[in-house]
Amino acid sequence: MVGNPFASLLEPLFARVRAQDLWRRREIRISPQTPVIQVGDKTLLSFASNDYLGLANDPTVVEALCAGARRYGAGAGASHLLGGHTSAHHELEDALAAFTGAPRALLFSTGYMANLALLTTLCPRHGRVFEDRRNHASLLDAASLAHARRLRYRDVEGLRAALAPAGPGGLIVSDGVFSMDGDMACVPTLLALAKAHGAGLILDDAHAFGVVGPGGRGTPAAHGLNYDPTLIHMGTLGKAFGVFGAFVAADGDVIEALIQRARPYIYTTALPPALAASAKAALDLVIAGDERRAALFDRVLRFRDGAVALGLRLLPSSTPIQAVVFGEAARAIAASGHLRDRGLYVPAIRPPTVPQGSARLRVALSAAHGADDIDRLLDALASLPGGPA
């Protein structure tokens, strides 16, 4: 019998990952996405979801999905350029453009694909891409697939130093809200540096849209910035919007270039139109969601005040992403297990998702959490064996 031809590669890989406390496993949730979830036979209070405004199970959004399926069916049937583009997609793109203040917006299936499309379309081979070291993996992978010359920076002063000898041109690429730390990029400085050096700025605002800025319009709006053609804005629909998909908002020529040349757009079946219809309903709730955002940031403040009082090691963040740092992966895993034993689901985040020595609990807060939920989490963290992180 022929053996597994991959065993010689995979067995040592698996052994190494397990030895480093980096083995990953999936939970099987059997309930809707709400703060209280059912995983197997356990009922858990979850602080793991990016459903920041509590829209994933909102009745209005769910009914829009059902109505969209009744009108358009279950799937798009083809790519956008081969008949898969429906009025639901087009209406959502127009609404997202108006929401961001950009001339046009373009839908993608995922933020990962949107970032791949942007970098592989707009960066010439061996072109320069200036990347924040904490950027999402999709931005790093996109630059690699574009065969770009990557220059990674730690802060705006590092970016300034990297730009100075480089000459005009290139792309500055950054998260708006960093997905594992929760702090915001200094978008005004990034934009000013891009303009000063003749570069473009690509901003991945996946964890900001719906949450920060007036009307939840993202990190540029949070800094008082209006639309600027130097800035290309990427956002996702599966976090604060509670649905699925992604979009790019930008100058009309940029959008047209993506339609004409971006392989992740051209060669992918369009997002199911029912999802586009539900995302439009979610967008309407986001725009009208000041009360939800106020509740969310009340929970953020309540958690941070309590965590500081406990002596927990928090990273600086004013967003719903709150990182409680333990350092070693084994300690973060033990803390997550302790919380689970007390009926809370807070996954441990370990390398390579975060740097070595910074394993953590990533506490994701939602407007759907109540004040009692935050207090329950703080009580469980107070009871960690060995004290706080």
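## Briefing: sheets, cores and aromatic pairs

A348 stands opposite L361 in strand 13, and that pairing is a handy way into this predicted model. Residues are numbered from 1 along each chain as its sequence is written, and side-chain values use heavy atoms, with hydrogens and water left out. Because this is a predicted model, local features need pLDDT of at least 70 and side-chain atom pairs count only at pLDDT 80 or more, while totals for chains, interfaces and linings use all residues. Helices (H or I, at least four residues) and strands (E, at least two) are DSSP runs, numbered from the N terminus.

**Strand 13 and its partners**

- Two strands are said to pair if DSSP finds at least two bridges between them.
- Strand 12 (residues 348-349) and strand 13 run antiparallel and are joined by 2 bridges.
- Strand 10 (residues 321-327) is also antiparallel to strand 13, with 6 bridges between them; V325 has R360 as its bridge partner there.
- Strand 13 (residues 359-364) is mostly covered, with 6 of its 6 residues buried. Here buried means under 20% relative accessible area, exposed means over 50%, and partly exposed lies in between (1.4 Å probe, protein chains only).
- A359, L361 and V363 point one way from the strand, R360, R362 and A364 point the other way, and all are buried.

**The nonpolar cores**

- A nonpolar core is a set of buried Ala, Val, Leu, Ile, Met, Phe, Trp, Tyr and Cys residues joined through side-chain atoms within 4.5 Å.
- The largest such core has 61 residues, and F47, F303, L361 and L377 have the most contacts inside it.
- A second, separate core has 28 residues, among them A148, V173, I259 and A262.
- Leaving out residues up to four places away in sequence, L377 touches F47, F303, L339, L344, V346 and V363, where contact means heavy atoms within 4.5 Å.

- An open sheet is formed by 7 strands in the order 3-9-8-7-6-4-5, with mixed pairing.
- Strand 3 (104-108) and strand 5 (149-153) are the edge strands, each pairing on one side only.
- From one strand to the next, the twist averages 20°.
- Inside the sheet, strand 7 (residues 200-204) and strand 8 (residues 231-236) pair in the parallel sense over 4 bridges, and D204 stands opposite M234 in strand 8.
- Helix 9 (residues 252-261) lies across strand 3, strand 8 and strand 9 (246-250), running at about 30° to strand 3. Axes are lines fitted to C-alpha atoms, for helices over the stretch in contact, and angles run from 0 to 180 degrees between N-to-C directions.

- S138, L139, L140, A142 and A143 are buried in helix 5 (residues 137-145).
- The cover over the buried residues of helix 5 includes helix 4 (111-122), strand 4 (128-132), strand 5, strand 6 (171-175) and strand 7.
- Just after helix 5, H147 takes a positive phi of about 55°.
- R299 belongs to helix 12 (residues 290-310) and is buried, with a relative accessible area of 15%.
- Apart from neighbours within four places in sequence, R299 is in contact with L365, S366, H369, G370, A371 and I374.

**Aromatic rings and charges**

- Rings of Phe, Tyr and Trp (its six-membered ring) pair if their centres lie within 6.5 Å; planes under 30 degrees apart count as stacked, over 60 as edge-to-face and the rest as tilted.
- A search of the whole structure finds 5 aromatic pairs.
- One of them is F14 with W23, an edge-to-face pair at 5.3 Å centre to centre and 90° between the planes.
- F209 and F247 form a tilted pair, 5.2 Å centre to centre with 45° between the planes.
- F209 lies in the loop between strand 7 and helix 8 (219-222) and F247 in strand 9, so this pair ties together parts that are 38 residues apart in sequence.
- F209 is buried at a relative accessible area of 1%, and F247 is buried at 0%.
- F99, F209, F241 and F247 form one aromatic cluster.
- The charged end of R18 sits over the ring of W23, 3.8 Å from its centre, and R134 lies over the face of F178, at 3.9 Å from the ring centre. A charge counts as over a ring if NZ of Lys or CZ of Arg is within 6 Å of the ring centre and within 35 degrees of the ring normal.
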